[in-house]
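This briefing is for a reader who is new to the structure. Look over the sequence and the model first, then read the points below.

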Amino acid sequence: PKAHAAAYMISALRLGWYKVHRPLEYYAAYFTVRSDDFDGATAVRGKEAVFRKMKDLDTKIKNREASAKEEGEFGMLQIINEMLARGIELLPVDLYRSDARKFLVEEGKIRLPFSSLGGVGDAAAYSLQEARNQGGEYISVDDLQSRAKVSSAVIDTLREVGALKDLPESSQTSLF
C-alpha cells in the first residue's frame with residue numbers, strides 16, 4: 001500500500017507541476033484525453049457563456065434532473081472555466097488548422113479540434129482532416145462536403161461555429 005500511495009503522490013506532483021509551469025500544454029493534453037464531455041461551441045464563446053451553461057446545469061443537478069452526460073459536462077465546464085480564468089484562450093475550429101481529435105497549442109492559445117463540436121463524431125472529424133490533407137483548400141461548402149463525405153448535419157454544425165464563414169455555398173458561379 002505504501003508504494004501504491006507513493007506512486008499516486010508522484011503522479012499528482014507531476015500533474016501539479018505541469019499545471020503551474022506549463023499550463024497550455026497541460027490543458028491541451030487534458031482536453032485531448034478527456035474530450036468526451038467537452039462543449040467546444042460554448043467554450044469558444046468565453047467565460048460568460050461557460051458560466052451561464054454551468055449555472056443552468058447546476059440547477060438541473062440540484063433538482064436531480066441532470067443526466068450522467070450533463071453531470072460530466074458540468075465537471076468539464078469547471079475545468080474550462082478555470083483555464084479561462086487563468087487567461088488561456090481557445091481558438092475556434094479552423095478547416096485548415098484544426099486536428100481531428102487533438103487540442104493543439106498555437107500562438108499561446110489552444111486550437112479546438114473538429115471532434116470538440118457536438119454532432120461531429122470521430123469518423124466525421126477524421127474525414128475532415130483527411131480531406132484537407134489530401135486536397136488542399138476548399139472551393140466551396142459543396143466541395144468540402146463532397147471531399148470529406150460528411151453529412152449536412154456536420155456542415156450545419158461547422159456553419160454555426162463560424163468555420164465556414166469564408167467559403168461560398170456552391171461551386172457554381174453566376175454571370176449576372
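Contact means heavy atoms within 4.5 Å. With that cut-off, what covers the buried residues of α4 includes α3 (40-43) and α5. The model is a predicted one.

**Helix α4**
- The buried residues of α4 include Ala49, Val50, Met54 and Leu57.
- These residues cover an arc of only 130° around the axis, which puts them on the same side of α4.
- Glu48, Phe51, Arg52, Lys55, Asp56 and Lys62 are exposed on the other side of α4.
- The 16 residues of α4 should span 22 Å at 1.5 Å a residue, and this agrees with its end C-alpha atoms, which are 22 Å apart.

**Helix α8**
- In α8 (residues 152-160), Val154, Ile155, Thr157 and Leu158 are buried.
- Seen down the axis of α8, the buried residues fall within an arc of 160°, so they line one face of the helix.
- That set of buried residues packs against α6 (122-135) and α7 (141-148).
- Glycine 162 follows α8 and has a positive phi, near 85°.

**Largest nonpolar core**
- The largest nonpolar core holds 43 residues, of which Phe31, Phe38, Ile80, Ile110, Leu128, Leu144 and Leu158 touch the most other members.
- Two or more residues of this core come from each of α2 (23-33), α4 (47-62), α5 (68-85), α6, α7 and α8.
- α5 gives the largest share, seven residues.
- Leaving aside residues up to four places away in sequence, phenylalanine 38 touches Phe31, Ala43, Met76, Ile80, Leu90, Phe103, Leu112 and Ser116.

Definitions and conventions: Residues are numbered from 1 along each chain as its sequence is written. This is a predicted model: local features need pLDDT of at least 70, side-chain atom pairs count only at pLDDT 80 or more; totals for chains, interfaces and linings use all residues. Side-chain values use heavy atoms; hydrogens and water are left out. Buried means under 20% relative accessible area, exposed over 50%, partly exposed in between (1.4 Å probe, protein chains only). Helices (H or I, at least four residues) and strands (E, at least two) are DSSP runs, numbered from the N terminus. The arc is that of the directions from the helix axis to the C-beta atoms. A nonpolar core is a set of buried Ala, Val, Leu, Ile, Met, Phe, Trp, Tyr and Cys residues joined through side-chain atoms within 4.5 Å. The expected span of a helix is 1.5 Å times one less than its number of residues.
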